[in-house]
Amino acid sequence: MLRTLDINFCSSLVLRFVKGQFHEYQESTIGAAFLTQTICLDDTTVKFEIWDTAGQERYHSLAPMYYRGAQAAIVVYDITNQESFAKAKNWVKELQRQASPNIVIALAGNKADLASKRVVEYEEAQAYAEDNGLLFMETSAKSSMNVNDIFLAIAKKLPRSEAGGGPAGRGHGGVNIAEENPQSARKSCCS
Amino acid sequence: MDASQDKKLRVQITEQELLCKNGCGFYGTPQWNGFCSKCWRLSQQKKTIDHHKNRSLLSNTDEQKNDSRSSRFKSMLRKSPSMFSSSSPSTSEPVQSVSHSNSTATLQSAASVPGPHEKLYNYALEYFGLNVAKDIDKHCRTMLEKIFLNARAPLDDISEHVQAFYQSMKEYVSKLKLLKNDFNQGTLMAELEEYICTEAYDIIFSDRADEEAADLSMQDRIRSLNWVTAGFLETAFDFSILSVHNYIDEAVTYIIDLNQYRSAREKLNCLVSCSKMLFDALKESRSGAPASADEFLPALIYVILHANPPLILSNMKFISRFALPSRVMRGESGYYFTNLSCALQFIQDMNAESLHMDKEEFEAYTSGRLGVPSNNRESDRNMAIKAMEKGLKLFDGLLDDQAKLDDRITAFSGQMEENCEKYAEQINTLLSEHPSQEIKEFCKTLRDPDPKFVVSDDETKSNNAPAAMLNEPLVDEKDTVENEKVDTKKQIIAVEEKESIEVPFVEIPEDVSKPLIAVTTEDVPGEKHGDVANESNGREKKMSMVTKKLLPSYKENLISVKKMLKIQ
């Protein structure tokens, strides 16, 4: 899940990740809403499925439908915008409360290339991330700084899930959903 | 797997339950839900009739049914104008039973017509050999029979069994020995899913009263909210582009088609195609920028409101109950399915707040008390109006241009007259103040030797100066454009020459040429006498440019001057 105030920057972060550096595998180019990307980590492959969720306030109540069953979420804020950092914190709270318990949450401070306009200090965000057990990086979709790294860090942190670790069923009592590919990771992105 | 399922399916038999439930005195069996064979047959017949009634009420596989359905909707609307109406449809309404293949018939026909059953069988045969293929087939048939026997069981329970069946089949297949290496478990499972869905469709596609009511109330709600499509969703569509309309129309077709397919896979394919059309439309509208979920979700909501797809809730439930979990939880189809769920949820909960508008306004639009403002309407009709407005604007622009042109023409002709008067005046003063000799010499420099000049020489002597001047321009008239330019230059040179001799008269030829320049190059700097020589080169150039531009008018000017002189 990618969360940011600036709509374009969320999509651009994902697009940068999918199209910018990792050329090995590319599936869907139709929009920035649903993207897949396979990366190699050591000797395993991790397939990212990136789900984007509508970020407008009026669709906020629908967000749980997207992150239900997600294994990782990236919450993005804008380092030049204090309000976006506050909103990001709310998203983290919501994810910790409502998403699956072993979800990997990453916090990304985007627009790191605009350091002169910075209002959210690096230390402040890092301290917050540490307190809440989040992955934290400052990224720039423009210069692609840390974009791959944050996805790699997520891939490393994901549990090498066995069949049982997959997302829970959609209300079918007792149905166990096995993963076709044990390394598959799902992310939703909400911008 | 069978052990666990049988536990759930088996009816606990007690002494009392051994007898037929109907109380006819015969023994019943658990397989027939505790009925005896005779009572079971009767109850099944009754069920089939009920089933047909429900099916024909809802299914829209042919036009006639569609009509009867929509008219029923209308009557419902009349009965309950409230948008929140959830009144269950009156099942007592007499409905013609339509020929509809019942479940057992489909099962039998499946063997003769190549369909999902054959495909599954052949696929299994190819990779696992005859025995396994037969085994898989047997498992499927057992599952289907169970579904048919428990046709009236809650759909969620059936779903649970089917999902357990998928799971156990997956485990079963993964333990088998492969005949070929390129086996894809996903393909086999997809065939299996399609087989089960298609065969059992009539039973597992919800025809239960409560879900039917939910569908109808959803359809009602969408109808009452149709006005929202008129610009209140803030979609990123650019409705002025024709191809965007076409893409949206395609998307609408796909989402309506979704209802007519019998397997979860085909239904989801429709949804994916619909979504791709929307992405195309958004891409077109945003001049090539790929759309994110921020644009996609409103677009999907727009299309659902616009299309009002039949039985959409039932279709959604069907997919989530009987599709392979990998389809609805993961991948492209999973993502779009999640979006569909979100869109329907949003429509269900839509209120004034979620549209950022006044509560009263929202209710007024919903109840139809208030028409939607036409400038918000993103419809085809609006397109036509827009095109007309565009045309009118163009016309207005043209009229304006014409009026301006008219003004300029009048102004120009006014200036011309002024110029002519000035010319005449100056020539007159020139003639009256400097008769004979001056002009004679001036003319000599211009036309030397000129036989006509000799004639006019006498005339000038007798103070008939206008006649002399009359001759000069007459020659001009015969001359080509080039000559005329040369003439102007000559005049200037002559002026300079005169300047050196007689200073007081310098002003005069300058003044003559000034108004000419003023017509085109608005500000000619006032020349000082001393600079004239220096500036004459630049002026010459300017003059030649000006004359090129103004040659026609200059000629006219000359002619009119001549005329005026004649009159004088």
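Student: How many aromatic pairs does a search of the whole structure find over all chains?
Tutor: Please keep in mind that this is a predicted model. When the whole structure is searched, over all chains, the number of aromatic pairs comes to 20.

Student: How do the planes of A:Trp51 and B:Tyr335 meet, and what is the pair called?
Tutor: The ring centres of A:Trp51 and B:Tyr335 are 5.3 Å apart, and their planes stand at 75°. Planes over 60 degrees apart count as edge-to-face. The angle of 75° therefore makes the pair of A:Trp51 and B:Tyr335 edge-to-face.

Student: Which elements hold A:Trp51 and B:Tyr335, and what does the pair join?
Tutor: A:Trp51 belongs to strand β2 (residues 44-53) of chain A, while B:Tyr335 belongs to helix α15 (residues 331-349) of chain B. Both A:Trp51 and B:Tyr335 are buried.

Student: What kind of pair do A:Tyr122 and A:Phe136 form?
Tutor: The centres of these two rings, A:Tyr122 and A:Phe136, lie 5.4 Å apart with their planes at 50°.

Student: Is A:Phe136 buried or exposed?
Tutor: Buried means under 20% relative accessible area. A:Phe136 has a relative accessibility of 13%, so A:Phe136 counts as buried.

Technical notes. Residues are numbered from 1 along each chain as its sequence is written. Chains are lettered from A and ligands numbered from 1 in the order in which they are written. This is a predicted model: local features need pLDDT of at least 70, side-chain atom pairs count only at pLDDT 80 or more; totals for chains, interfaces and linings use all residues. Side-chain values use heavy atoms; hydrogens and water are left out. Rings of Phe, Tyr and Trp (its six-membered ring) pair if their centres lie within 6.5 Å; planes under 30 degrees apart count as stacked, over 60 as edge-to-face and the rest as tilted. Helices (H or I, at least four residues) and strands (E, at least two) are DSSP runs, numbered from the N terminus. Buried means under 20% relative accessible area, exposed over 50%, partly exposed in between (1.4 Å probe, protein chains only).
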